[in-house]
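Me: I am new to this structure and would like to learn how to read a few of its features, one at a time. Could you take me through them, with the general idea before each case?

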Amino acid sequence: MFVFNFKYGVSQFLYMKYLKVVFLISLLSLLSFPVLSEELCVACHSSQTPSIVEDWKRSKHFEVGVNCYVCHQVKEGDYAEEHHGYWITPVVSPKKCAMCHEEEYLANSKSKHAYASINGPLKTWYKAMVGKGLNPLDSDTARQNPPEEFIRDLVTPLYPASGVLEKTGINDVPEFMHANQLLGCLECHGSYVYAENGELVGWPNIGVGRINPDGSIGACSSCHTAHQFSIKEARKPETCGKCHLGPDHPQIEIYEQSHHGARYEADEENWNWTAMPWKAGADFSAPTCAACHMSEIANPSGKVIVSGTHDVGSRLKWEIQAKFIMYQSSNSNLAAGGFKPDKELGEENRERMEKVCMQCHSPEWVENYFKKYEMVLEDYNITAKYTLALLNKMYDEGLIDKSNPIDEFPEFMWYYVWHHDGRRWRMGASMMGPDYTHWNGAVDTVFDKLGRMIDWYETQKKIRGEKATLTSSTQSLQTGAPQATQPEQPKQPEDNTNLKIVWGGLIGVVAAAIATVRFLK
């Protein structure tokens, strides 16, 4: 017979109620942790770093409730540090942004921006690690083979000062750290950030091709700087100009001198910088870097003409900053040999760019400009091949030594031809900058750098008592290698003095006879 135990039943009921309350409180605590952490972060940082708090309050993140912990929480692979009772990471990698912006993350991850360090200052290190059978994107590889130590004494045109530093012995001075690599090259291209003995190496850095502790590449905050992460800022040409400037890639200077840049300066305060999509003629009246290369462009009525992208090469037909012109590739990893020029892709990219151009220009205008642009590219290519052939000729004739690739005058000139003056030549044409195309580009390349290189060669040959023979440009184009050719000697005139005298006498007699006959008549 069942007998209800009133005392036991009440206690069980209360116990279950207690468990539910405890569970509910625990759940609420977990859900509210970001909110509580936000209050703690803001309370402290409002006095310690007030500017970043105010930036965040002006951001879209603040409007939609994206707080500090959402971005700074520790996930697998992250560097973590204890911060006033919380575990956070100061390195907000693109993987964090991908939680909300996956499409942008995926596009950027395959872009030239993301590979800016791997294809640039860390290229030699990356290839060396692959040669050892190691994964270059694994932080353990960086800990065992520190990239900054690897590149410090490296002699390579990647670091053009390295040749003279090696030649003079400055590299051997213990106190000399070659630190311009760290706050020069790696600031734009991106450093390798990893943890060593509980501390970050390669930090701070917001280089666009940064390698992060979680194995991702890139830094969204390079263009959308913390803590506003503003689309307006990313669309401004000055943002791109932080890195795209100077003698070797003067895009911002070229833009400022172009008709596009002049129109931007005159009218930009009237633009709608945050519109999505960006309507040509309604939201903006002249292209910026972002308009041509990234933004989703629509006509004034809002019809999308070109989809937006974070793959900055996806509207480019040509790769114009390398030694020689080549088509773009779907794989940006040049260091791993993945960059394969793709003509079909290049033509597709050009079509996308032309659609942007034709929001303001007629098809005929666009087509004719690109035809002239490609004529400039071919002019550069011919000149660069000739210059390289001449350099190799000097190596073959023993005038210069390959053991140090960038410590002698002809090597300096070749470097300037393709990396400085030649880029200005090409980039000036690509961005409607006539002064950079001509004076700062073609003239400086041919008249100054190649001209001085030829003069140096001829002088050295005279010192040796040898005859200087320049390479045939035709052969350098056909073979890509120097071909020493003897210039055709002008034909010596034959000594026909006596014959000339005879002929002269006969002509004189005939002329006199004709004159006499006419007189008699």
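**Strands, helices and a pocket**

Reply: In this predicted model, strand 5 and strand 6 (residues 297–298) run parallel and are joined by two bridges. As a general idea, strands of a sheet pair through backbone hydrogen bonds, either parallel or antiparallel. Here, Lys279 has Ala298 in strand 6 as its bridge partner.

Me: In what order do the three strands of the open sheet lie?

Reply: The order is 5-6-7, and the pairing in this open sheet is mixed. Strand 5 (278–279) and strand 7 (304–306) each have a single partner strand and stand at the edges, so one side of each is left without a neighbour in the sheet.

Me: How are helix 19 and helix 20 oriented to each other, roughly parallel or roughly antiparallel?

Reply: Two packed helices are described by the angle between their axes and by the distance between those axes. Helix 19 (residues 409–430) packs against helix 20 (residues 434–464) at an angle of about 165°, with the axes 8 Å apart. Since angles over 145 degrees count as roughly antiparallel, the two helices are therefore roughly antiparallel to each other. The residues of their contact comprise 14 nonpolar, six polar and five charged, and helix 19 passes helix 20 in a left-handed crossing.

Me: How much space lies in the second largest pocket?

Reply: Rolling a probe the size of a water molecule over the atoms shows where empty space is left. The second largest pocket holds about 180 Å³ of space. It is lined by 13 residues, of which Asp311, Ser314, Ser329, Ser330 and Leu345 are the closest to its centre. By class, this lining has seven polar, four charged and two nonpolar residues.

Technical notes: Residues are numbered from 1 along each chain as its sequence is written. This is a predicted model: local features need pLDDT of at least 70, side-chain atom pairs count only at pLDDT 80 or more; totals for chains, interfaces and linings use all residues. Side-chain values use heavy atoms; hydrogens and water are left out. Axes are lines fitted to C-alpha atoms, for helices over the stretch in contact, and angles run from 0 to 180 degrees between N-to-C directions. Helices (H or I, at least four residues) and strands (E, at least two) are DSSP runs, numbered from the N terminus. Angles under 35 degrees count as roughly parallel, over 145 as roughly antiparallel, 65 to 115 as roughly perpendicular and the rest as oblique. A crossing is left-handed if the near helix is turned anticlockwise from the far one by less than a right angle, and right-handed if clockwise. Ala, Val, Leu, Ile, Met, Phe, Trp, Tyr, Cys and Pro count as nonpolar, Asp, Glu, Lys and Arg as charged, and the others, Gly among them, as polar. On a 1 Å grid over the protein atoms alone, a cavity is a set of points where a 1.4 Å probe fits but cannot get out, and a pocket is an open set with protein on both sides within 12 Å along at least five of seven lines; lining residues have an atom within 4 Å of a point. Grid points are joined across faces, edges and corners, and a volume is the space filled by probe spheres set on the points. Two strands pair if DSSP finds at least two bridges between them.
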